[in-house]
Amino acid sequence: MDLATVGYISCAVVIFLLAIRVPISFAIGGVAVVAIFTVFAFRTGTFMPERAFWTTLSLSFSSSFDLVHSYDLSMIPLFIALGHVAYKAGITTEIYEAARVWLARLPGGVAIASVAGCGGFSAISGSSIACASTMGRICTPEMLRLNYDPRLATASVAAGGTLGSLIPPSVLFIIYGIFTESSISQLFLAGFLPGVISMLGYTLVIVLWVKQRPEIAPRPTEVTPMNERLAAAVRCWPAVLLFVVVIGGIYGGIFTATEAAAISLMFATILGVSRRLIRLRDVIPLLRETMETTGAIFFIAACAKIFVALIALTGLSNSLVGLLDNAAIGPVVFLIMVCVIYLVLGMFLDPVGIMVLTLPLMIPMVESYDMNLIWFGVVIVKLLEIGLITPPVGLNVFVLAGVLEGKVEIGKIFSGLWRFLGIDLVVLTLLVAIPWLSLAIPMSMN
């Protein structure tokens, strides 16, 4: 059997396993190991398993070992821990409180504040799911108490939570940078402007929605005095400092992305301890939450690296590039196909799983069209961001519903999201059509 055919069959088996709800790490890792073993066992034309065992074991372990020991990968636990520590230290709440007192008088002001709070927390945590979960605990009960329509109260947080994928630091950008060997610092900077545009788009959605139906977001009767608003803004200085360390430090060439993560975590921890909001008994739960999330991501990534080894062994990526050349598919059609594939996958799989499954096949084709990998990474992360609020498996929606403990039905949350999905598609179109939106800040570093 031709080696490329083995690769195609392996991909088909992975898709089947995912369709019957096998966890993606076991699907791609298991199929890859079996396929590699099969290739080596039949290398001489006859089945000789004794020659394949140690070779398969060596290739599988060396692939995953190199990934797990990657220096850049150490950013993931650092940024995940930073998100947990920042919430425990009160930094997250201060971001939302400042946004709330300054924006409360606007149409849907508290919902806009929740989006702004999500954007601020995204610049600390690096995780969309963590952002939706944390801000859901803080913002949504407040909006429901103020008699906001439950669809607006939940949809604004679920959509705002997706900003954690795009606004740096982002776990997805870290994984993308490792698998494509791209600069993670440049990816962080490239995601900033698209993230801000997305946040402004969500704000526009809320304003227009409330202008059309004012009853869904009652305006507060009390007016917050200016001195209280200024005090709330001043209390945000830790969040501003963390953002400056990550973005300003990377842009100015002072820190690498990994160094920025470590310094930010150290600062947030010192702040939490000095405020007596983080005590010794909190350390173990914080470490446990960080290790659980990190372990899940690392295991998926390690299995994906074995899958990458299979693709290289079978020459599948070269075969796909050859098919594209023979079909004479232009770059525009290719990009449309990519968007459709990712939007469909986003309805059923988690973002990390989609990325590690598709990148080994997608990147060689992207390079064959001579596309910029930094820009393409922003497009991919935006597509994955959309998948977080797309039914039937919008992870942010289910996370938020779990946080609210059944106070708002999942169907009602989804029903409020179609407006945000519409603006997401507009932003996606802009990012695809105008690469400058992603590349302006990274290019200004040179």
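Tutor: For charges, Lys and Arg count as positive and Asp and Glu as negative, with His and the chain ends not counted; each charge is placed at NZ of Lys, CZ of Arg, CG of Asp or CD of Glu. Counted in this way, the protein has 24 positive and 24 negative side chains, and 11 Å separates the centres of the two sets. The model is predicted, so local features need pLDDT of at least 70 and side-chain atom pairs pLDDT 80 or more, while totals for chains, interfaces and linings use all residues. Residues are numbered from 1 along each chain as its sequence is written, and side-chain values use heavy atoms, without hydrogens and water.

The relative accessible area of Gly 191 is 0%, so the residue is buried (under 20%; exposed is over 50%, partly exposed in between, with a 1.4 Å probe and protein chains only). Leaving aside residues up to four places away in sequence, Gly 191 touches Leu 166, Ile 167, Pro 168, Phe 173 and Val 378 (contact means heavy atoms within 4.5 Å). Ser 170 is 21 residues from Gly 191 in sequence, and the two C-alpha atoms are 8.7 Å apart.

Pro 169 sits in the loop that runs between helix 10 (163-166) and helix 11 (171-180). Another cis peptide bond leads from Pro 391 to Pro 392, where omega is near 5°. There, Pro 392 lies in the loop between helix 20 (373-387) and helix 21 (395-404).

Other loops hold residues with positive phi. Asn 147 is not a glycine, yet its phi is about 65°. Asn 147 is placed in the loop between helix 8 (140-145) and helix 9 (150-161), and at 58% relative accessibility it is exposed. Arg 276, also not a glycine, has a phi of about 60°. The loop that holds Arg 276 runs between helix 15 (257-274) and helix 16 (280-314). With a relative accessible area of 63%, Arg 276 counts as exposed.

The cysteines can be checked next. With a disulfide taken as a pair of cysteine sulfur atoms within 2.5 Å, the count is 0. Cys 236 is in no disulfide, and the nearest cysteine sulfur, belonging to Cys 139, is 13 Å away. Cys 236 is buried, at 11% relative accessibility. Cys 339 is buried too, at 14%.

The C-alpha trace spans about 80 × 50 × 50 Å along its principal axes. Of the 446 residues, 53% are buried; Gly 191 is one of the buried residues. Taking contacts between residues at least 6 apart in sequence, 79% join residues at least 24 apart.

Terms used
Helices (H or I, at least four residues) and strands (E, at least two) are DSSP runs, numbered from the N terminus.
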